[in-house]
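Please look over the fold with a view to its local geometry.

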Amino acid sequence: MAEHYQITGAGAADITASVEAGVRDGHLLPGAALPPVRRLAAELGVATATVANAYRTLRQRGVIETAGRHGTRVRHRSALLHRGPQPLPAGTLDLSNGEPDPSLLPDLTAALAAVHPAPGGYADAGPCPGLLDIARDRLARDGVTGALTVTGGALDGIDRVLSAHLRPGDAVGIEDPCWANLRDLVAALGMHPYPMPVDREGPTAEGLADALRGGARAVILTSRAHNPTGADISAARALRLRALLERHPDTLVIEDDHWAELSTRPLHPVADAATHWLFLRSVSKPYGPDLRLAVACGDHDTVTRLEGRMRLGSGWVSTVLQQVVAALMNDPAAARTIRNASRTYRDRRQALIAALAARGVPAIGDSGLNVWIPVTDETTTVTALRDRGYAVAAGAAHRLQSPPGVRVTVTNLPDHRLGDLADAIAAGLRPHRSRA
């Protein structure tokens with residue numbers, strides 16, 4: 001498609017705008033190859049440095065990526081393209097979205113009624129003391145203590161603290177595979193992702209050591225329910241990771257504990273082994289995705305920088321929203337709902353993994369909303385399952401260097417379709433295994 005779209009411009013800003021317009025308007029599709037720097041410079045009659053600067057800006061904005069010998073291409077998840085729900089064929093069961101089951105979320109009625117009716121203003125802005133008191137107590141029981149603040153969700157906190165501590169071009173250690181939105185964020189910030197392999201005990205010590213040796217200025221870890229593999233950081237793994245981080249005290253460590261209240265396993269924190277650290281506990285999975293809030297705990301300097309960066313943008317998280325979350329955290333009925341959700345997600349994951357194992361298909365998903373299935377060819381597997389009436393997520397959006405896989409979200413998976421789904425997955429994988 002890039003061959004049919006004429007990139008124009010006499011300066012780096014013009015060339016950048018031309019490529020962005022092509023992506024926005026659909027002339028440059030995801031994965032489309034862009035001309036090499038020297039060729040485009042010759043076509044436009046400009047210096048190679050001008051095109052190189054334009055491409056650098058586009059990479060920093062998360063629009064394009066360098067794909068080694070495959071050249072420069074439009075990112076499959078470009079920061080310019082809206083990634084809302086994609087239309088599916090009629091009758092297709094969507095197992096790709098990674099969202100919690102709405103029927104398993106707490107009722108907000110009582111929490112909304114508890115909100116103070118008087119409107120707040122600039123003088124009342126900032127973290128609500130009541131919410132911080134609840135969060136401080138819960139975090140302390142899990143062995144996490146430090147300065148506290150509130151952000152608009154985990155990704156918001158990660159975005160702001162990376163922006164406050166690092167610069168474009170810096171290396172950031174991220175899990176491989178990883179949360180796809182995190183990979184996109186690092187690209188949009190113009191930072192270089194350094195892959196850290198993940199097994200069932202979390203990011204490997206060898207992967208973290210490689211990232212630190214490779215000059216990672218920050219590393220980002222998932223405490224529990226790693227997306228997409230479901231890994232939880234074990235006690236033994238946490239000790240090894242902490243020992244490595246203690247030898248690199250200047251590295252910023254960010255830890256995401258999004259599964260917290262839903263977890264049946266103890267937390268083994270890692271982040272506070274570093275001098276500069278931030279531990280994030282968001283509420284989207286246990287309480288609902290529309291509650292855009294996370295409690296952030298860290299060392300004083302890091303939290304101060306985070307709050308300073310927030311003041312330049314949104315300023316603060318709505319105190320109305322904070323009051324709703326605090327009321328939910330104190331609501332015994334909400335706690336019972338979350339315990340039921342935890343059991344239900346566990347049962348669904350285990351049932352799918354067992355059904356696949358009975359058909360000779362290995363899969364993992366010790367916690368969280370997803371089951372990760374290694375495959376040989378993601379595109380063929382996703383297409384074959386779509387033909388059978390199931391939409392699953394290709395692993396490409398989650399991976400840097402790790403082997404292919406597909407992610408199946410168990411949220412919408414009814415019991416009566418479990419066997420058919422397992423049959424469809426096994427059938428989709430069989431041809432590739434026979435050729436291997």
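What follows is a short tour of selected features.

The model is predicted: local features need pLDDT of at least 70, side-chain atom pairs count only at pLDDT 80 or more, and totals for chains, interfaces and linings use all residues. Residues are numbered from 1 along each chain as its sequence is written, and side-chain values use heavy atoms, with hydrogens and water left out.

**Aromatic pairs**

Searching the whole structure gives 2 aromatic pairs. Rings of Phe, Tyr and Trp (its six-membered ring) pair if their centres lie within 6.5 Å; planes under 30 degrees apart count as stacked, over 60 as edge-to-face and the rest as tilted.

Tyrosine 122 and tryptophan 316 form an edge-to-face pair, because their ring planes stand at 80°, with the centres 5.8 Å apart. Tyrosine 122 sits in the loop between α4 (109-113) and α5 (129-141), and tryptophan 316 in the loop between α11 (300-311) and α12 (319-329), so the pair ties together parts 194 residues apart in sequence. Helices (H or I, at least four residues) and strands (E, at least two) are DSSP runs, numbered from the N terminus.

Is tyrosine 122 buried or exposed? Its relative accessibility is 75%, so tyrosine 122 counts as exposed. Tryptophan 316 has 31% and counts as partly exposed. The classes are buried (under 20% relative accessible area), exposed (over 50%) and partly exposed (in between), with a 1.4 Å probe and protein chains only.

Tryptophan 259 and tyrosine 345 make a tilted pair, because their planes meet at 45°, with ring centres 5.8 Å apart. This pair links distant parts of the chain, 86 residues apart: tryptophan 259 is in the loop between β9 (252-256) and β10 (277-282), and tyrosine 345 is in helix α13 (residues 332-358). Both tryptophan 259 and tyrosine 345 are buried.

**Helix α13**

Helix α13 has 27 residues. From first C-alpha to last, α13 reaches 39 Å, close to the 39 Å expected at 1.5 Å a residue. The expected span is 1.5 Å times one less than the number of residues.

The buried residues of α13 include Ala334, Ile338, Tyr345, Arg348, Arg349 and Leu352. At the N-terminal end, aspartate 331 caps α13: one of its side-chain oxygens lies 3.0 Å from the backbone nitrogen of alanine 333. After α13 comes glycine 360, with a positive phi near 80°.

**Helix packing**

Axes are lines fitted to C-alpha atoms, for helices over the stretch in contact, and angles run from 0 to 180 degrees between N-to-C directions. The axes of α2 (residues 37-44) and α3 (residues 48-60) come within 8 Å and cross at roughly 120°. Helices α2 and α3 are therefore oblique to each other. Angles under 35 degrees count as roughly parallel, over 145 as roughly antiparallel, 65 to 115 as roughly perpendicular and the rest as oblique.

Helix α6 (residues 154-165) packs with α7 at about 25°, their axes 11 Å apart. Helices α6 and α7 are therefore roughly parallel to each other.

**Backbone features**

Proline 177 lies in the loop between β5 (171-176) and α7 (180-188). The bond from asparagine 227 to proline 228 is also cis, with omega near 25°. Proline 228 belongs to the loop between β8 (216-222) and α9 (235-246).

Alanine 225 lies in the loop between β8 and α9. Its phi is near 55°, a positive value in a residue other than glycine. Alanine 225 is buried, at a relative accessible area of 3%.

The table lists C-alpha separations.

| Residues | Apart in sequence | C-alpha to C-alpha |
|---|---|---|
| Glycine 405 and glycine 71 | 334 residues | 24 Å |
| Glutamate 307 and valine 161 | 146 residues | 8.9 Å |
| Glutamine 401 and aspartate 299 | 102 residues | 32 Å |

Glycine 405 lies in strand β15 (residues 405-409). Glycine 405 is buried, with a relative accessible area of 0%. Glutamate 307 is in helix α11 and is partly exposed, at 25%. Glutamine 401 lies in the loop between β14 (393-394) and β15. Glutamine 401 is exposed, with a relative accessible area of 65%.

How values were computed: Polar contact = N/O pair within 3.5 Å; in protein donor to acceptor, adjacent residues only side chain to side chain.
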